[in-house]
Amino acid sequence: MIDAALIEKINSVLSEEFEVDIEKIKPEAPLMETLDLDSLDLVDMVVLIEHNFGFTVIAKDFVGIKTFNDFYHFINSRIDEKGEFPK
Amino acid sequence: MKKESSRNEWSGKSRGGALGYLSFVYIIKTFGLTAAYALLSIVVIYFIPFAPKATSSVWYFSRKILGNSRFDSLIFLYKNYFSLGVALIDKTAVASGKADEFRFEFNEPEEVKKILNDKRGAIIIGAHFGNWEVGAPFFDKYGKDMRVVMVDAEYQKIKMILEREKRVDTFKVIPISEDIFSNIFEIRDALADGAYVAIQGDRLTSIAKNETVKFMGADAQFPLGPFIMAARFGFPVVFYYAVRTGFKHYSFHFSLCPVSGVSSQNRVFEKQILEEYVKSLEKVVKIAPEQWYNYYKFWI
(Lines give C-alpha, C1' and ligand atoms only; values in the text may rest on other atoms or scores of the structure.)
Protein backbone atom coordinates (compact mmCIF):
# COMPACT_ATOMS: atom_id res chain seq x y z
CA MET A 1 0.00 0.00 0.00
CA ILE A 2 1.45 3.35 -1.02
CA ASP A 3 1.00 6.30 1.29
CA ALA A 4 -1.44 8.87 -0.14
CA ALA A 5 0.92 11.66 0.92
CA LEU A 6 3.68 10.15 -1.22
CA ILE A 7 1.37 9.93 -4.26
CA GLU A 8 0.33 13.53 -3.70
CA LYS A 9 3.94 14.64 -3.51
CA ILE A 10 4.90 12.73 -6.68
CA ASN A 11 1.92 14.16 -8.60
CA SER A 12 2.67 17.67 -7.41
CA VAL A 13 6.37 17.45 -8.35
CA LEU A 14 5.63 15.96 -11.80
CA SER A 15 2.84 18.42 -12.53
CA GLU A 16 5.03 21.40 -11.64
CA GLU A 17 8.17 20.19 -13.43
CA PHE A 18 6.52 19.09 -16.65
CA GLU A 19 3.81 21.75 -16.65
CA VAL A 20 0.92 19.28 -16.85
CA ASP A 21 -2.49 19.78 -15.28
CA ILE A 22 -2.46 17.69 -12.08
CA GLU A 23 -5.97 16.45 -12.92
CA LYS A 24 -4.54 14.56 -15.90
CA ILE A 25 -2.27 12.52 -13.63
CA LYS A 26 -4.20 9.33 -12.89
CA PRO A 27 -2.72 6.01 -11.68
CA GLU A 28 -3.57 4.18 -14.93
CA ALA A 29 -2.58 7.03 -17.26
CA PRO A 30 0.53 6.46 -19.39
CA LEU A 31 3.46 8.32 -17.85
CA MET A 32 5.44 9.30 -20.97
CA GLU A 33 2.45 10.39 -23.05
CA THR A 34 0.69 12.26 -20.26
CA LEU A 35 3.80 14.23 -19.34
CA ASP A 36 4.79 14.50 -23.04
CA LEU A 37 8.30 13.24 -22.28
CA ASP A 38 11.06 12.50 -24.73
CA SER A 39 14.47 11.03 -23.95
CA LEU A 40 15.96 14.37 -22.97
CA ASP A 41 13.07 15.10 -20.62
CA LEU A 42 14.16 11.96 -18.83
CA VAL A 43 17.30 13.89 -17.82
CA ASP A 44 14.90 16.15 -15.94
CA MET A 45 13.12 13.13 -14.51
CA VAL A 46 16.38 11.63 -13.25
CA VAL A 47 17.47 14.86 -11.56
CA LEU A 48 13.96 15.46 -10.23
CA ILE A 49 13.90 12.04 -8.54
CA GLU A 50 17.36 12.54 -7.07
CA HIS A 51 16.56 16.02 -5.75
CA ASN A 52 13.09 15.28 -4.40
CA PHE A 53 13.35 11.69 -3.22
CA GLY A 54 17.01 11.47 -2.32
CA PHE A 55 18.20 8.41 -4.24
CA THR A 56 20.19 7.81 -7.40
CA VAL A 57 18.58 6.12 -10.37
CA ILE A 58 20.08 4.03 -13.14
CA ALA A 59 18.77 3.30 -16.64
CA LYS A 60 17.33 -0.12 -15.81
CA ASP A 61 15.18 1.40 -13.03
CA PHE A 62 12.96 2.79 -15.75
CA VAL A 63 12.41 -0.54 -17.48
CA GLY A 64 8.76 -1.56 -17.12
CA ILE A 65 7.50 1.82 -15.91
CA LYS A 66 4.54 2.50 -18.16
CA THR A 67 1.90 4.17 -15.98
CA PHE A 68 1.92 6.58 -13.04
CA ASN A 69 1.00 3.63 -10.85
CA ASP A 70 4.22 1.86 -11.92
CA PHE A 71 6.10 5.05 -11.14
CA TYR A 72 4.54 5.35 -7.65
CA HIS A 73 5.56 1.75 -6.91
CA PHE A 74 9.09 2.37 -8.12
CA ILE A 75 9.53 5.48 -5.95
CA ASN A 76 7.87 3.76 -3.00
CA SER A 77 10.09 0.67 -3.23
CA ARG A 78 13.26 2.74 -3.35
CA ILE A 79 12.13 4.84 -0.39
CA ASP A 80 11.36 1.64 1.52
CA GLU A 81 14.91 0.44 0.78
CA LYS A 82 16.27 3.71 2.17
CA GLY A 83 13.89 3.62 5.11
CA GLU A 84 13.14 7.34 4.86
CA PHE A 85 9.93 9.07 4.02
CA PRO A 86 10.37 12.06 1.69
CA LYS A 87 9.78 15.46 3.24
CA MET B 1 11.06 23.71 -26.63
CA LYS B 2 9.65 20.49 -28.02
CA LYS B 3 11.21 18.87 -31.03
CA GLU B 4 9.53 19.76 -34.25
CA SER B 5 10.08 18.04 -37.53
CA SER B 6 12.74 19.98 -39.37
CA ARG B 7 14.61 19.77 -42.64
CA ASN B 8 17.41 21.72 -40.93
CA GLU B 9 19.01 18.70 -39.49
CA TRP B 10 22.02 16.53 -40.04
CA SER B 11 21.55 13.02 -41.40
CA GLY B 12 24.02 11.48 -38.92
CA LYS B 13 26.70 10.79 -41.53
CA SER B 14 29.55 13.08 -42.51
CA ARG B 15 30.73 13.56 -46.05
CA GLY B 16 33.38 11.12 -47.19
CA GLY B 17 33.26 7.35 -47.00
CA ALA B 18 35.49 5.01 -45.06
CA LEU B 19 37.25 4.10 -48.30
CA GLY B 20 38.22 7.74 -48.76
CA TYR B 21 39.71 7.87 -45.27
CA LEU B 22 41.59 4.64 -45.81
CA SER B 23 43.02 5.88 -49.10
CA PHE B 24 44.44 8.91 -47.33
CA VAL B 25 45.79 6.76 -44.50
CA TYR B 26 47.64 4.74 -47.15
CA ILE B 27 49.00 7.86 -48.88
CA ILE B 28 50.13 9.45 -45.59
CA LYS B 29 51.94 6.26 -44.59
CA THR B 30 53.49 5.65 -47.97
CA PHE B 31 54.26 9.09 -49.38
CA GLY B 32 53.97 11.41 -46.41
CA LEU B 33 51.79 14.37 -45.47
CA THR B 34 52.84 16.72 -48.28
CA ALA B 35 51.82 14.17 -50.92
CA ALA B 36 48.46 13.74 -49.21
CA TYR B 37 47.86 17.50 -49.26
CA ALA B 38 48.83 17.64 -52.95
CA LEU B 39 46.40 14.88 -53.84
CA LEU B 40 43.74 16.57 -51.77
CA SER B 41 44.12 19.85 -53.66
CA ILE B 42 42.91 18.02 -56.79
CA VAL B 43 40.32 15.75 -55.17
CA VAL B 44 38.39 18.62 -53.57
CA ILE B 45 37.48 20.02 -56.99
CA TYR B 46 35.32 16.92 -57.51
CA PHE B 47 33.21 17.72 -54.44
CA ILE B 48 32.11 21.16 -55.63
CA PRO B 49 29.70 19.84 -58.31
CA PHE B 50 29.24 16.31 -56.97
CA ALA B 51 28.31 17.13 -53.39
CA PRO B 52 25.42 19.50 -54.22
CA LYS B 53 23.82 19.58 -50.76
CA ALA B 54 27.11 20.42 -49.07
CA THR B 55 28.05 22.89 -51.79
CA SER B 56 24.71 24.60 -51.46
CA SER B 57 25.11 24.97 -47.67
CA VAL B 58 28.66 26.35 -47.98
CA TRP B 59 27.52 28.72 -50.73
CA TYR B 60 24.68 29.98 -48.52
CA PHE B 61 27.10 30.49 -45.63
CA SER B 62 29.51 32.44 -47.82
CA ARG B 63 26.94 34.54 -49.71
CA LYS B 64 24.23 35.19 -47.11
CA ILE B 65 26.02 34.97 -43.79
CA LEU B 66 29.51 36.21 -44.63
CA GLY B 67 28.33 38.50 -47.44
CA ASN B 68 30.97 37.35 -49.93
CA SER B 69 30.67 38.00 -53.68
CA ARG B 70 30.03 35.11 -56.11
CA PHE B 71 33.71 34.94 -57.07
CA ASP B 72 34.87 35.04 -53.45
CA SER B 73 32.29 32.38 -52.63
CA LEU B 74 33.72 30.08 -55.25
CA ILE B 75 37.17 30.50 -53.68
CA PHE B 76 35.59 30.03 -50.27
CA LEU B 77 34.01 26.76 -51.41
CA TYR B 78 37.36 25.42 -52.51
CA LYS B 79 39.04 26.57 -49.29
CA ASN B 80 36.28 25.02 -47.20
CA TYR B 81 36.53 21.58 -48.83
CA PHE B 82 40.32 21.75 -48.81
CA SER B 83 40.30 22.66 -45.10
CA LEU B 84 38.03 19.73 -44.33
CA GLY B 85 40.37 17.40 -46.21
CA VAL B 86 43.39 18.81 -44.38
CA ALA B 87 41.59 18.30 -41.07
CA LEU B 88 40.95 14.65 -41.92
CA ILE B 89 44.55 14.12 -43.04
CA ASP B 90 45.99 15.87 -39.98
CA LYS B 91 43.88 14.02 -37.45
CA THR B 92 44.82 10.75 -39.13
CA ALA B 93 48.50 11.75 -39.06
CA VAL B 94 48.39 12.76 -35.38
CA ALA B 95 46.58 9.56 -34.42
CA SER B 96 49.22 7.58 -36.37
CA GLY B 97 52.00 9.01 -34.21
CA LYS B 98 53.07 11.96 -36.37
CA ALA B 99 52.17 14.64 -33.80
CA ASP B 100 55.84 15.71 -33.66
CA GLU B 101 55.53 17.11 -37.19
CA PHE B 102 52.92 19.63 -35.99
CA ARG B 103 53.05 22.80 -33.93
CA PHE B 104 50.32 23.31 -31.36
CA GLU B 105 49.57 26.50 -29.52
CA PHE B 106 47.50 26.34 -26.34
CA ASN B 107 45.22 29.15 -25.24
CA GLU B 108 44.15 27.93 -21.82
CA PRO B 109 43.02 30.53 -19.31
CA GLU B 110 43.96 29.75 -15.68
CA GLU B 111 40.33 29.05 -14.77
CA VAL B 112 40.19 26.35 -17.48
CA LYS B 113 43.48 24.78 -16.33
CA LYS B 114 42.05 24.59 -12.83
CA ILE B 115 38.91 22.81 -14.05
CA LEU B 116 40.83 20.41 -16.28
CA ASN B 117 43.29 19.59 -13.49
CA ASP B 118 40.47 19.04 -11.00
CA LYS B 119 39.38 15.52 -10.06
CA ARG B 120 35.80 16.39 -10.90
CA GLY B 121 34.38 15.51 -14.33
CA ALA B 122 33.82 18.20 -16.92
CA ILE B 123 31.75 18.62 -20.05
CA ILE B 124 33.79 19.73 -23.06
CA ILE B 125 31.59 21.27 -25.73
CA GLY B 126 33.07 21.71 -29.19
CA ALA B 127 31.75 22.12 -32.72
CA HIS B 128 32.06 20.78 -36.25
CA PHE B 129 34.58 23.47 -36.81
CA GLY B 130 38.36 23.30 -37.09
CA ASN B 131 39.80 19.99 -36.02
CA TRP B 132 38.97 19.17 -32.41
CA GLU B 133 40.17 15.57 -32.71
CA VAL B 134 43.70 16.69 -33.47
CA GLY B 135 43.86 18.01 -29.91
CA ALA B 136 42.24 15.02 -28.20
CA PRO B 137 45.57 13.29 -27.35
CA PHE B 138 46.69 16.40 -25.45
CA PHE B 139 43.92 15.98 -22.90
CA ASP B 140 45.99 13.04 -21.62
CA LYS B 141 48.24 15.49 -19.80
CA TYR B 142 45.43 16.08 -17.32
CA GLY B 143 45.35 12.37 -16.59
CA LYS B 144 41.66 11.82 -17.09
CA ASP B 145 39.56 9.69 -19.40
CA MET B 146 38.03 11.36 -22.42
CA ARG B 147 34.64 10.05 -23.59
CA VAL B 148 33.42 11.45 -26.86
CA VAL B 149 29.68 11.51 -27.53
CA MET B 150 29.17 10.72 -31.19
CA VAL B 151 26.21 9.85 -33.41
CA ASP B 152 26.21 6.09 -33.96
CA ALA B 153 26.55 6.23 -37.77
CA GLU B 154 29.75 8.27 -37.42
CA TYR B 155 31.04 5.96 -34.71
CA GLN B 156 30.51 2.86 -36.87
CA LYS B 157 32.58 4.41 -39.66
CA ILE B 158 35.43 5.36 -37.31
CA LYS B 159 35.29 1.96 -35.62
CA MET B 160 35.63 0.23 -38.98
CA ILE B 161 38.67 2.37 -39.84
CA LEU B 162 40.29 1.74 -36.45
CA GLU B 163 39.76 -2.00 -36.74
CA ARG B 164 41.03 -2.07 -40.30
CA GLU B 165 44.12 -0.08 -39.32
CA LYS B 166 44.55 -1.99 -36.05
CA ARG B 167 44.76 1.32 -34.24
CA VAL B 168 43.72 2.14 -30.70
CA ASP B 169 42.02 5.46 -30.42
CA THR B 170 43.00 8.10 -27.90
CA PHE B 171 39.49 8.39 -26.49
CA LYS B 172 36.48 6.24 -25.74
CA VAL B 173 33.22 6.82 -27.59
CA ILE B 174 29.68 6.99 -26.27
CA PRO B 175 27.70 6.23 -29.45
CA ILE B 176 24.34 7.98 -29.51
CA SER B 177 21.59 6.03 -31.25
CA GLU B 178 17.82 6.49 -31.58
CA ASP B 179 17.42 5.23 -28.03
CA ILE B 180 19.48 7.83 -26.22
CA PHE B 181 18.08 7.13 -22.77
CA SER B 182 20.79 4.69 -21.70
CA ASN B 183 23.41 7.03 -23.26
CA ILE B 184 22.27 9.79 -20.93
CA PHE B 185 23.09 7.55 -17.99
CA GLU B 186 26.45 6.63 -19.53
CA ILE B 187 27.26 10.34 -19.81
CA ARG B 188 26.22 11.05 -16.25
CA ASP B 189 28.17 8.07 -14.89
CA ALA B 190 31.30 9.05 -16.85
CA LEU B 191 31.11 12.58 -15.40
CA ALA B 192 30.55 11.19 -11.90
CA ASP B 193 33.69 9.04 -12.40
CA GLY B 194 35.68 12.22 -13.08
CA ALA B 195 35.98 11.82 -16.88
CA TYR B 196 35.74 14.51 -19.51
CA VAL B 197 32.72 14.09 -21.72
CA ALA B 198 33.23 15.77 -25.07
CA ILE B 199 30.17 16.59 -27.11
CA GLN B 200 29.52 18.74 -30.15
CA GLY B 201 27.04 21.52 -29.53
CA ASP B 202 26.14 22.38 -33.11
CA ARG B 203 24.51 19.39 -34.76
CA LEU B 204 20.78 18.94 -35.04
CA THR B 205 19.50 15.42 -35.41
CA SER B 206 16.01 13.97 -35.67
CA ILE B 207 16.19 12.86 -32.02
CA ALA B 208 17.02 16.23 -30.51
CA LYS B 209 15.14 19.24 -29.25
CA ASN B 210 16.40 22.46 -30.65
CA GLU B 211 16.50 26.15 -29.96
CA THR B 212 16.70 29.09 -32.35
CA VAL B 213 19.56 31.47 -31.56
CA LYS B 214 21.15 34.37 -33.40
CA PHE B 215 24.45 33.09 -34.76
CA MET B 216 26.74 35.07 -37.09
CA GLY B 217 23.96 37.62 -37.49
CA ALA B 218 21.13 35.28 -38.50
CA ASP B 219 18.75 32.82 -36.83
CA ALA B 220 20.15 29.31 -36.58
CA GLN B 221 19.02 26.19 -34.79
CA PHE B 222 21.15 24.49 -32.19
CA PRO B 223 20.46 21.21 -30.36
CA LEU B 224 19.44 21.64 -26.73
CA GLY B 225 20.54 18.18 -25.59
CA PRO B 226 24.16 18.97 -24.63
CA PHE B 227 23.06 22.10 -22.81
CA ILE B 228 20.23 20.40 -20.94
CA MET B 229 22.67 17.78 -19.70
CA ALA B 230 25.17 20.48 -18.72
CA ALA B 231 22.46 22.39 -16.84
CA ARG B 232 20.98 19.41 -15.03
CA PHE B 233 24.10 17.43 -14.18
CA GLY B 234 25.87 20.47 -12.80
CA PHE B 235 29.41 19.80 -14.02
CA PRO B 236 31.70 22.59 -15.25
CA VAL B 237 31.49 23.26 -18.97
CA VAL B 238 34.56 24.09 -21.06
CA PHE B 239 34.24 25.24 -24.66
CA TYR B 240 37.05 23.87 -26.79
CA TYR B 241 37.99 24.45 -30.44
CA ALA B 242 41.09 23.59 -32.47
CA VAL B 243 41.68 26.11 -35.25
CA ARG B 244 44.16 25.40 -38.04
CA THR B 245 46.23 28.55 -38.27
CA GLY B 246 48.81 27.44 -40.83
CA PHE B 247 50.57 24.52 -42.42
CA LYS B 248 50.78 21.82 -39.69
CA HIS B 249 49.96 24.47 -37.11
CA TYR B 250 46.98 24.47 -34.78
CA SER B 251 45.76 26.79 -32.09
CA PHE B 252 43.62 25.33 -29.29
CA HIS B 253 41.05 27.67 -27.80
CA PHE B 254 39.53 26.93 -24.40
CA SER B 255 37.06 28.99 -22.39
CA LEU B 256 35.11 28.23 -19.25
CA CYS B 257 31.35 28.68 -19.47
CA PRO B 258 30.64 31.23 -16.74
CA VAL B 259 27.17 29.90 -15.98
CA SER B 260 28.02 26.22 -15.53
CA GLY B 261 29.06 24.00 -12.62
CA VAL B 262 25.83 23.88 -10.65
CA SER B 263 22.76 21.76 -11.22
CA SER B 264 19.57 23.62 -11.95
CA GLN B 265 16.07 22.51 -12.87
CA ASN B 266 15.38 25.96 -14.25
CA ARG B 267 14.88 25.70 -18.00
CA VAL B 268 16.37 29.13 -18.54
CA PHE B 269 19.72 27.74 -17.41
CA GLU B 270 20.36 25.53 -20.46
CA LYS B 271 19.55 28.46 -22.71
CA GLN B 272 22.10 30.61 -20.88
CA ILE B 273 24.76 27.93 -21.40
CA LEU B 274 23.75 27.70 -25.07
CA GLU B 275 24.05 31.48 -25.46
CA GLU B 276 27.53 31.43 -23.94
CA TYR B 277 28.47 28.60 -26.29
CA VAL B 278 27.20 30.47 -29.34
CA LYS B 279 29.21 33.55 -28.31
CA SER B 280 32.38 31.48 -27.97
CA LEU B 281 31.72 29.68 -31.27
CA GLU B 282 31.17 32.94 -33.12
CA LYS B 283 34.57 34.18 -31.97
CA VAL B 284 36.43 31.24 -33.49
CA VAL B 285 34.30 30.96 -36.63
CA LYS B 286 35.16 34.59 -37.36
CA ILE B 287 38.87 33.70 -37.14
CA ALA B 288 38.59 30.93 -39.77
CA PRO B 289 35.13 30.72 -41.38
CA GLU B 290 36.38 28.26 -44.00
CA GLN B 291 36.78 25.73 -41.17
CA TRP B 292 33.02 25.52 -40.57
CA TYR B 293 31.87 22.01 -41.54
CA ASN B 294 28.14 21.81 -41.01
CA TYR B 295 27.02 20.70 -44.45
CA TYR B 296 23.28 21.12 -44.17
CA LYS B 297 20.87 24.05 -44.01
CA PHE B 298 22.09 25.46 -40.70
CA TRP B 299 20.46 28.87 -40.76
CA ILE B 300 16.68 29.20 -40.91
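Modeller: Start with one term: two residues are in contact when their C-beta atoms, placed from the backbone, lie within 7 Å. This is a predicted model, where local features need pLDDT of at least 70 and side-chain atom pairs count only at pLDDT 80 or more, while totals for chains, interfaces and linings use all residues. Residues are numbered from 1 along each chain as its sequence is written, with chains lettered from A and ligands numbered from 1 in the order in which they are written.

Colleague: What share of the contacts in chain A with a separation of 6 or more joins residues 24 or more positions apart?

Modeller: The share is 60%.

Colleague: How many helices and strands does chain A have?

Modeller: Helices (H or I, at least four residues) and strands (E, at least two) are DSSP runs, numbered from the N terminus. Chain A has four helices and zero strands. Its C-alpha trace spans about 30 × 25 × 20 Å along the principal axes.

Colleague: Which strands make up the open sheet of chain B?

Modeller: In general, strands of a sheet pair through backbone hydrogen bonds, either parallel or antiparallel. Here, two strands pair if DSSP finds at least two bridges between them. In chain B, seven strands run in the order β1-β9-β8-β2-β5-β3-β4, with mixed pairing. β1 (103–107) and β4 (172–176) of chain B are the edges; each has a single partner strand, so one side of each lacks a neighbour in the sheet.

Colleague: In what sense do β3(B) and β4(B) pair?

Modeller: Strand β3 (residues 146–151) of chain B pairs with β4(B) in the parallel sense, over five bridges. V151(B) has I176(B), in β4(B), as its bridge partner.

Colleague: Is I65(B) buried, partly exposed or exposed?

Modeller: Count C-beta atoms, placed from the backbone: 20 or more others within 10 Å of a residue's own means buried, 12 or fewer means exposed, and in between is partly exposed. I65(B) has 18 C-beta neighbours inside 10 Å, so I65(B) is partly exposed. I65(B) sits in helix α3 (residues 52–65) of chain B. Leaving out residues up to four places away in sequence, I65(B) touches M216(B), G217(B), A218(B) and W299(B). I65(B) and M216(B) are 151 residues apart along the chain, yet their C-alpha atoms are separated by 6.7 Å.

Colleague: How many residues does each chain give to the contact between chain A and chain B?

Modeller: Chain B gives 14 residues and chain A gives 11 residues. On the chain B side, α7 (181–192) and α8 (225–233) are the elements that give two or more residues.
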